[in-house]
Amino acid sequence: MTTSTGAPTWPACGFGPAPVSTGCRGRSVDPHPACLEHLGGQERAAYLAALAPGAALDHRGTAITRGRLAELLAAVVDQSTHMTCPGDASFEEATFTGKASFEGATFTGDASFEGATFTGHAGFEAATFTGDAAFRGATFIGHAYFGNVMFTGRADFGSATFTGDAYLQGITFTRNARFIDATFTGDAHFGNATFTGDAHFGNATFTRNAHFMDATFTGDARFRGSLFSQHALFRRAQIQQAGEWDLVCDGVLQFDEAVFQRPILVRAAARTVDFRRTHFVSTTHLRLQYATVDLTDAVLEAPTTVSPANTRFSTPPGTASTLLDPPPSAAPLHPAVKVASVSGVDAAHLVLADVDLTDCRFTGAVHLDQLRMDGHCTLAQPPAGLRRRNLFPVRHTRRSVVAEERHWQYARSADGGGWPAPAAGPTGAGPAALAAVYRQLRKSLEDGKNEAEAADFYYGEMQMRRHNKARPGGERALLAFYWAVSGYGQRASRAFGWLLAAMAVTLVGMVLWGLPVDDPKPRSEGDVVAGHVTLVTDTPSPVNPTGSLGGRVTGRRTEKAGRVVVNSVIFRSSGQNLTTAGTYLEMASRLAEPVLLGFGLLAVRSRVKR
């Protein structure tokens, strides 16, 4: 270490190039006034010969070349085991020029490389640190190799800078591992790493990919304020404690096949978050921003909630994220959480709150009827406006549709029919499977007393039943009629429109053919025989109207026809004398029009029911 004035706190070498007036900053080797690099040949040989396995090495501030390091480590080799065994090692603020290799070394005491600089590759493969290891503030300009290293004591890499790739595969941290404020400019490889104690990555910066595949976190894993500029891959990781997962990832945050053993809260701002085949043993809360979440085949043993994060994310000081701080020319990202798939999930424990389900795939999930959709969950809508299918114009009813129906609708039209093409390829789900999906989602909303939104899923279910060619033809014809006249009892405007049209037809028919010329009046006739009178009262048959059709349309006839139509709708007799044609017309209207009225009222009820 050095003082605030730059002077070292150890006996410094007075020889060699002098970055300051006091000369070389390396620690002098007792009893000589020079550091290891500036010792004379005989003096260096004597110093090295005096070393033995377990000897303390104190070369703070020294510039050590590759050859000089090899000589130093060779002096502490145990000849019986051929292992390099230094005792306490102090290389604070040392500079290792060229490749620095500590491969296979066993540090039997504490090892300090605080503030050290490795100008070439740093090799610590298979090394063992039995005491505390400090690399705080160290700089690795080349690649850093820590594969299969064992840290028995505490390991501190706080504020360390890895300019090249950092290879830490198979590394074992028996106690706490600290990477607070560390910077990884190259790829960071922690595959198969074992963190027995707490793993602290607070405010760490990963400029390129970070690989934590098959890593095991026995203690708390703390990523509070960490920034991953590319991908963060935790595939098959074993996470046994809650920890603090509060990070920003500009790429893919992947937890495929990972296992979360304890209740956990994951807060992340990321472009994509993958939980494919992830195993959640305990309660899990996923609070996300900007992310598209994939839960395909995830195993949920306890309640799992996916919802937007309602607080701002932080990044390490001096860093920027294209998610939270996009460049001015970039299109702004929507902070809403999008769910890409719940296929293969047992949805009995799944809660989706205020998320975008526009492209979510539901087929293959089980217990969808127990899925909870809270808040405002957005689903896709059919194409707007008139479309042409074959030779006929088609206008789609506005309703909520699942992604699989959009894919199916796109595939059944040569030009897609205005439906968007599936981004991830078609699902192959047909009407039968989609009807089951809609039926379960409808029940889920109905159980949550959301009858109005459930109506859209009922409409989708009936649509899929109508298009399912495996169903009997009579049933499909009945469903087609039900759809045409009332939108399966869900479209009040359609039912009332047909009702008004039927009433108009009845009205016109009554005016033109149904009402007689005049209301026939009863007439009595009789005979008087020997003081006895016999009377017979009869009503003449209605006289059909004659003349031109236009001449039959009068105010009086229209008013009478209106009474007939209104009474027909509510199953009451009109009280009018009608012609034969009018009688049959009234019978038909008394049968059809109340049904249409009932469909309209049913549709209104479905939209206001709670």
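User: Which element supplies the largest share of the lining of the largest pocket?

Analyst: The largest share comes from α5, with 4 residues. The model is predicted: local features need pLDDT of at least 70, side-chain atom pairs count only at pLDDT 80 or more, and totals for chains, interfaces and linings use all residues. Residues are numbered from 1 along each chain as its sequence is written, and side-chain values use heavy atoms, with hydrogens and water left out.

User: What makes a space a pocket, and which residues are closest to the centre of the largest pocket?

Analyst: On a 1 Å grid over the protein atoms alone, a pocket is an open set of points where a 1.4 Å probe fits, with protein on both sides within 12 Å along at least five of seven lines; lining residues have an atom within 4 Å of a point. About 410 Å³ of space lies in the largest pocket, a volume being the space filled by probe spheres set on the points, which are joined across faces, edges and corners. The lining has 19 residues, and Val394, Arg395, His396, Thr397 and Trp483 are the closest to the centre.

User: How do the residues of that lining divide into nonpolar, polar and charged?

Analyst: There are 5 nonpolar, 5 polar and 9 charged residues. Ala, Val, Leu, Ile, Met, Phe, Trp, Tyr, Cys and Pro count as nonpolar, Asp, Glu, Lys and Arg as charged, and the others, Gly among them, as polar.

User: Why is Gln463 called buried?

Analyst: Buried means under 20% relative accessible area. Gln463 has 9%, and is therefore buried. Gln463 is found in helix α5; helices are DSSP runs (H or I, at least four residues), numbered from the N terminus.

User: What joins the side chains of Gln463 and Tyr488?

Analyst: A polar contact of 2.6 Å joins them. The term requires a pair of N or O atoms within 3.5 Å; within protein, one must be able to donate a hydrogen and the other to accept it, and residues adjacent in sequence count only if both atoms are side-chain atoms. Leaving aside neighbours within four places in sequence, Gln463 is in contact (heavy atoms within 4.5 Å) with Arg399, Trp483 and Tyr488.

User: How many residues of α3 are buried?

Analyst: In α3, 7 of 9 residues are buried, and the helix is mostly covered. Among them are Ala403, His407 and Trp408.

Definitions and conventions
Helix = DSSP H or I, 4+ residues; strand = E, 2+ residues; numbered from the N terminus. Buried < 20%, exposed > 50% of the residue type's maximum accessible area, 1.4 Å probe, protein only.
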